[in-house]
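Hello,

Here is the structure I promised to pass on. Please open it alongside this note; what I found follows below.

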Amino acid sequence: MGFEKFGHKSYTALTKVAGFVDRLVQGELFATRCSGCGRIYFPPRADCAGCLGSAMQWEKIPEKGKLVSFTRVNYAPAGFEADVPYTLALVDFGEVKVFGRLGSTVAEDEIKVGMELKPLVVTLPDGQLTYEFVLGNHKA
Amino acid sequence: MNKDVAIIGVGQTAFVRSYPGAVREMVFEAFAEAVRDAGITPREIGASLVCSAPEYDKQRSPAGMVAEYLGLNPQPTFVLENICASGTTGVRVAYSLIKAGLHDIVAVIGFQKMSELSSAESQERMGRGADIMWEAPFGTMMPAYYAMHARAHFAKYGTTEEDLALVRVKASRYGALNDRAVFRKEVTKEQCLSAGVVASPLKVYDCCANADGASCLILANAVRAKEISEKPVWILGLGAASASMNLTGRDSLEGLEVTRLAAREAYQMAGLSPRDIDVAEVHDCFTIAELLAYEDLGFAEPGKGTDLLRAGETQIGGRIPVNVDGGLLSKGHPIGATGGSQVRTIVLQLRGEAGPMQVPGAEVGLVQNIGGVGIYSNVIILGR
């Protein structure tokens, strides 16, 4: 599947890491790890800036992450007006950090830097695929 | 002390909501002021560097148009772009062209006419100044990124929304004195705190104003500077760095590593330390950015920027006056013109020509100019 399926609005169609979207279809969020030097990357990359190798393996993002920071957005850029308000977040999964949105099931007054979150793949009403961060005890 | 390259002329238009003319005419205003200030003729300028973020421009390759309109043909000209840091990247490149001996005098011209786009359109373009594959699809924009830096600083150091309001109150006080500023009203802490939330915890007054404007700096080598200028302002130190565009690549959000690196380089080159700085212009595109700058530039220890702010030490009369021209918050932020305008402010300060905004006896000044959310940083130290 093409990368244009990723996100609320994709700006990129062709990439060597479009397999990321195939894995979202399977309900899973992946990083890439360099087979040559072992560096891990999120966002996923086709090429390693450490050893200049291009042999990458997909590796699943762990289930437990910690919220690094967040913001509740009340005013959206062009193309995202229908989504407001939404919460952008950066979550630390140990070896990698992941940027995305917090799920709407996380109540605003519960959100705290350092809280535990896990990734959840979601299909948007228009068929686009994305992921969000939800509470560790969230049941799909 | 490096005294090889000096700034001998400065100019800028008033920063306004909507400039009543074409880009070339706006640029001409700043250029004519700088050339007259330097006391030279355009023919003496060896090259022109045009600093602008192209996503806002309808004119492709604006250097060609600018050089033609300013009478700078047939000298070489080209565009430099580092988003909001474009102007000071212009200074860095001009410095190196002069130092290399390719040109004796170089003009650094910055501009942006942002009023041709709606605010949502310009936020969308700014959002694409971050990672378009992995961040922009979530609906990102500059206030949101800086809001995340603010939230991280709050969580680690106990900084509050009131602290951010103090930054804006200070900016507005000086913006009211600056006849080149777009926002000339004073605002109170209460107004700041009760304003609508843009991206929590940042509210309307935590964000700088988009503006139209142009700036121009004339740089010269030591021989020409001493011949031409009675009050040359010397470039004592330069530092520049870059960082991961995607936030996932940052070690922490409580500061901008890119500024710490650029500052270290600039202080080292100048042989100076943060204590030696008499007046500073920092990139306060958002209130939190000014607080981060206090710490990243070494004016305060990490987490202690709020102490400096609350004690009034960054006002005129304080230990290190910062953004006493209103900063980006009140003066306005026409992307490509901003760096040149910051440098102009410090040049006027060091010449003792800053009028009601003058810091008495300022001898050494510093400029910090950021591109994107800490993707690029330039730090420049200037002295008499």
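**Helix H1 of chain B and its surroundings**

The model is predicted. I start where helix H1(B) stops: Gly39(B) comes next, with a positive phi near 75°.

H1(B) itself covers residues 23-38, 16 residues in total. From first C-alpha to last it reaches 23 Å, close to the 22 Å expected at 1.5 Å a residue.

Which residues of H1(B) are buried? They are Val23(B), Met26(B), Val27(B), Ala30(B), Phe31(B), Ala32(B), Ala34(B), Val35(B) and Ala38(B).

**Helix H2**

H2(B) has its own buried residues: Pro62(B), Ala63(B), Met65(B), Val66(B) and Ala67(B). They pack against H1, E2, E3 and E4 of chain B. The helix lies across E2, E3 and E4 of chain B, and runs at about 130° to E3(B). Just after H2(B) there is another glycine with a positive phi: Gly71(B), at about 70°.

**The sheet**

Chain B has an open sheet of nine strands with mixed pairing. The order is E3-E2-E4-E7-E1-E8-E11-E10-E9. Strands E3 (77-80) and E9 (279-281) of chain B are the edges, each pairing on one side only. From one strand to the next, the twist averages 25°.

One pairing in detail: E2(B), residues 47-51, runs parallel to E4(B), and five bridges join the two. Ala47(B) stands opposite Val106(B) in E4(B).

**Between the chains**

How much area do chain A and chain B bury between them? About 2900 Å², with 70% of it on carbon and sulfur atoms. Tyr11(A), Tyr75(A) and Phe99(A) supply 24% of the area that chain A buries against chain B, more than any other three residues.

The contact takes 37 residues from chain A and 34 residues from chain B. The count of salt bridges between the two chains is zero.

Best regards

Terms used
Residues numbered from 1 in each chain as written. Chains lettered and ligands numbered in written order. Predicted model: local features only at pLDDT ≥ 70, side-chain atom pairs only at ≥ 80, totals over all residues. Heavy atoms only, no water. Helix = DSSP H or I, 4+ residues; strand = E, 2+ residues; numbered from the N terminus. Expected span 1.5 Å × (residues − 1). Buried < 20%, exposed > 50% of the residue type's maximum accessible area, 1.4 Å probe, protein only. Pairing = 2+ DSSP bridges. Axes fitted to C-alpha atoms, helices over the stretch in contact; angles between N-to-C directions. Contact = heavy atoms within 4.5 Å. Buried area = accessible area lost by both parts, 1.4 Å probe. Salt bridge = Lys/Arg side-chain N within 4 Å of Asp/Glu carboxyl O.
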